[in-house]
Structures are given as structure tokens and as C-alpha cells.
Amino acid sequence: MLMLDLSKEDLEKLIKLQEIDSKIIKLELKLKELPEEIKRFEEIAQTRRNKIARIDERIEELSQKRKELEKIINENYKKIEEAKKKKAQAKNLEDYKEAIKMKAEAEKSIIKATKEIEKILKELNQLFREREKMETSVAEFERKIAKKEEEVQKTQKMLERKLQELGGLREQLISEISPEVVEFYEEKKYEFGGNVFVPVYNKTCTGCSMQVPSAQYTKLLRGEGLVYCPNCGRILFIENGSRG
Ligand SMILES: [Zn+2]
């Protein structure tokens with residue numbers, strides 16, 4: 001690890017650089033998160049579209065069933081006609097009884113099929129209503145997505161502009177600091193995941209929440225060189241206007 005003593009001026013510039021870097025990280029995160037909401041909306045819309053597809057499958061299935069039942073009804077009407085003929089042409093009681101039985105069975109089948117069709121129609125009715133609801137919802141989400149996309153584009157442009165500004169500020173600042181000091185900062189930044197310089201509040205390191213020992217604290221108050229937190233190793237500073 002590179003150790004070096006920074007001038008007060010360098011320290012102030014690096015703290016400023018750290019502030020800029022932290023803003024850049026936040027903006028970049030925001031930029032990345034922006035399309036997330038659109039993705040969520042698209043997922044919901046897709047779920048609804050899948051539901052519509054499942055409803056359509058069921059509608060198709062029920063329509064098929066309905067056709068079959070209608071065929072059964074027609075066949076049984078024919079059977080009734082046949083039974084009537086048989087009854088009229090019956091030569092004995094047995095034939096007569098047979099014809100009556102045939103007619104009764106056909107009538108029973110027609111009633112059963114009719115009832116089933118009624119049930120199917122009821123379900124179809126419900127499915128069509130459900131389908132309409134889903135379609136309205138999908139359309140609503142599509143509108144929301146389009147609106148959100150517009151918003152996101154605007155925000156993206158704004159954030160990109162801000163990032164560019166910060167990038168410019170960063171470059172300007174870096175040009176005012178010696179390369180080894182910048183290198184020192186970059187190394188530390190990598191080590192601590194961003195926060196290299198942390199303010200002390202109530203004699204406590206805000207990087208790790210440990211109390212700063214008196215020796216370090218006194219050194220900090222006197223402004224004598226770099227003061228490291230003995231616990232987490234970050235560089236401590238006292239913010240302007242705050243004492244302790
Ligand atoms: Zn600490």
C-alpha cells in the first residue's frame with residue numbers, strides 16, 4: 001500500500017474529488033435503475049398476455065365441445081324420427097316398446113347435451129368477460145410503458161448531462177493534483193469501495209463507527225498531517241464548522 005503525507009490543500013481537493021466520485025456513482029446507479037420500472041410493467045403486461053392466450057385455448061376447447069354436443073343433439077333428433085317411424089310400423093308389442101324406449105333414450109340424451117351446452121355457454125360468457133378485462137389491462141400497461149419510456153429518455157438525457165459535467169469537474173480537479181496523490185486516492189478508493197476520507201462526528205469515525213482515540217483526535221484538531229482511523233484505516237477529517 002502506498003503511504004504518503006498529503007498537504008492540507010491536497011486533502012481538501014481529494015475530499016472534493018471523493019464527493020464528485022460519489023455523485024457519479026449515484027447517478028450511474030440511477031441511470032441503470034431507470035429502465036427497471038419499464039421492465040416490471042412489461043412483465044405484468046406479458047403475464048396478462050399469457051393469460052389471454054390460456055383463455056383463448058379454453059375458449060377453443062369449449063367451442064369444440066359445444067360443436068360435438070350439437071352433433072349429438074342432431075343425431076338424437078334423427079333417432080327420435082326413426083323411433084316414431086318404428087312405433088308407427090310396429091308389428092308387435094315388443095317392437096312398439098322398443099321404439100318407445102329408443103325415443104325416451106334419445107330425448108334423455110338431448111336434455112343432457114342441452115344442459116352441458118348451457119354450462120359451456122355460461123363458462124364461455126365468463127371467459128369472454130375475463131378476456132376483455134385482460135385486454136383492457138394490457139392496453140393500459142402498454143400506455144404506461146410508452147409514457148414511462150418517454151420519461152426515462154428525458155431523465156436519461158438529464159443524468160447524462162450531469163455526468164458529463166461531473167466528469168469535467170473531475171478532470172479539472174485531477175489536473176490540479178499531482179499524479180502520485182491521485183494514484184494514492186485511487187488505490188485507497190478501491191480498497192474501501194469509495195469512502196476513503198470520512199468525517200469525524202462526536203469523536204467517532206463515520207466510516208466504521210468506532211471512537212477515535214485521543215492521540216489521533218488531538219492530531220486531527222491540530223491539523224498535523226494525515227490521521228488514519230486505527231480501526232478501519234480510512235483517513236479522518238473534521239468538516240468545516242464542526243468540532244467533534
Ligand atoms: Zn474507522
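**Reading the strands and dimensions of a predicted chain**

Strand β1 (residues 197–201) pairs with β3 in the parallel sense, over 3 bridges. This is a predicted model, in which local features need pLDDT of at least 70, side-chain atom pairs count only at pLDDT 80 or more, and totals for chains, interfaces and linings use all residues. Residues are numbered from 1 along each chain as its sequence is written.

User: Which order do the 3 strands of the open sheet take?

Analyst: Two strands pair if DSSP finds at least two bridges between them. Here the order is β2-β1-β3, with mixed pairing. The edge strands, β2 (204–205) and β3 (235–237), each pair on one side only. I235 in β3 is the bridge partner of F197.

User: How many helices and strands are in the chain, and what pattern do they follow?

Analyst: Helices (H or I, at least four residues) and strands (E, at least two) are DSSP runs, numbered from the N terminus. The chain has 4 helices and 3 strands, with the pattern α-α-α-β-β-α-β along the sequence.

User: What is the radius of gyration of the chain?

Analyst: The radius of gyration is taken over C-alpha atoms, and the globule rule is 2.2 Å times the number of residues to the power 0.38. The chain has 41 Å, whereas a compact globule of 244 residues would have a value near 18 Å. Along the principal axes, the C-alpha atoms fill a box of roughly 130 × 40 × 30 Å.

User: What percentage of the residues is buried?

Analyst: A residue is buried if 20 or more other C-beta atoms, placed from the backbone, lie within 10 Å of its own. Buried residues make up 9% of the 244 residues in the chain.

How values were computed:
A residue is buried if 20 or more other C-beta atoms lie within 10 Å of its own, exposed if 12 or fewer, and partly exposed in between; C-beta atoms are placed from the backbone.
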